[in-house]
Amino acid sequence: MAVQNYLNGSTSVNIAASVEGAITNGKLPAGALLPPVRRAAAQLGVSPATVAAAYRLLQDRGVVAADGRRGTRVRPAAPVAIPREVPIPPGG
C-alpha cells in the first residue's frame, strides 16, 4: 500500500504541515488512519525518526491521537464552545 498523495515533505515540520493541510482540505476525515511511520518514511525517503517527530508534533497540537500498535488517527474536531452572554454593565 502506497502512502497517500497528501503526505509530503522532507522535514518533520513539513510533513506535519502536509497532514494538517489534508485535514483542512477534507482529504483526511476524522478517524482516518495515518500510514505507519516506517512505511511513510520509506515512501518519503526520510528516516523513521523524522516521520515519528512529525506525528509527535501533530499529537502535541491535538490534531491526531496515537494508539500504539493500532496506529495514529485523525482526531475529531474539537467542539466549538458557544460564547456565553456577557451582561452589559450599568451605564454601558
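Colleague: What should I know about the numbering and the model?
Modeller: Residues count from 1 along each chain as its sequence is written, and side-chain values use heavy atoms, with hydrogens and water left out. The model is predicted, with local features needing pLDDT of at least 70 and side-chain atom pairs counting only at pLDDT 80 or more, while totals for chains, interfaces and linings use all residues.

Colleague: How many helices and strands in the chain?
Modeller: There are 3 helices and 2 strands, in the order α-α-α-β-β along the sequence. Both kinds of element are DSSP runs numbered from the N terminus, helices being H or I with at least four residues and strands E with at least two.

Colleague: What share of the residues is buried?
Modeller: Of the 92 residues, 29% are buried. Buried means under 20% relative accessible area, exposed over 50%, and partly exposed in between, with a 1.4 Å probe and protein chains only.

Colleague: And which salt bridges turn up?
Modeller: The search of the whole structure gives 2, a salt bridge being a side-chain nitrogen of Lys or Arg within 4 Å of a carboxyl oxygen of Asp or Glu. Arg61 pairs with Glu20 at 2.9 Å, N to O. Arg61 sits in the loop between helix H3 (48-60) and strand S1 (64-66) and Glu20 in helix H1 (residues 12-24), so this pair ties together parts 41 residues apart in sequence. Arg70 pairs with Asp67, with the closest N and O atoms 3.1 Å apart.

Colleague: Changing topic, what volume does the largest pocket have?
Modeller: About 230 Å³. The search runs on a 1 Å grid over the protein atoms alone; a cavity is a set of points where a 1.4 Å probe fits but cannot get out, and a pocket is an open set with protein on both sides within 12 Å along at least five of seven lines. Points are joined across faces, edges and corners, and the volume is the space filled by probe spheres set on them.

Colleague: Which residues line that pocket?
Modeller: Leu33, Leu34, Pro35, Pro36, Val37, Tyr55, Gly68, Arg69, Arg70, Gly71 and Thr72, where lining means an atom within 4 Å of a point. They divide into 6 nonpolar, 3 polar and 2 charged. Nonpolar covers Ala, Val, Leu, Ile, Met, Phe, Trp, Tyr, Cys and Pro, charged covers Asp, Glu, Lys and Arg, and the others, Gly among them, are polar.

Colleague: What does Thr72 touch?
Modeller: Leaving aside neighbours within four places in sequence, Thr72 is in contact (heavy atoms within 4.5 Å) with Ala32, Leu33, Leu34, Tyr55, Val64, Ala65 and Ala66. Thr72 belongs to strand S2 (residues 72-74) and is buried, with a relative accessible area of 13%.

Colleague: Where is Ala41, and which residues does Ala41 touch?
Modeller: Ala41 is in helix H2 (residues 37-44) and is buried at 2% relative accessibility. Not counting residues up to four places away in sequence, Ala41 touches Val46, Ser47, Pro48 and Val51. Ala41 and Val51 are 6.0 Å apart, C-alpha to C-alpha.
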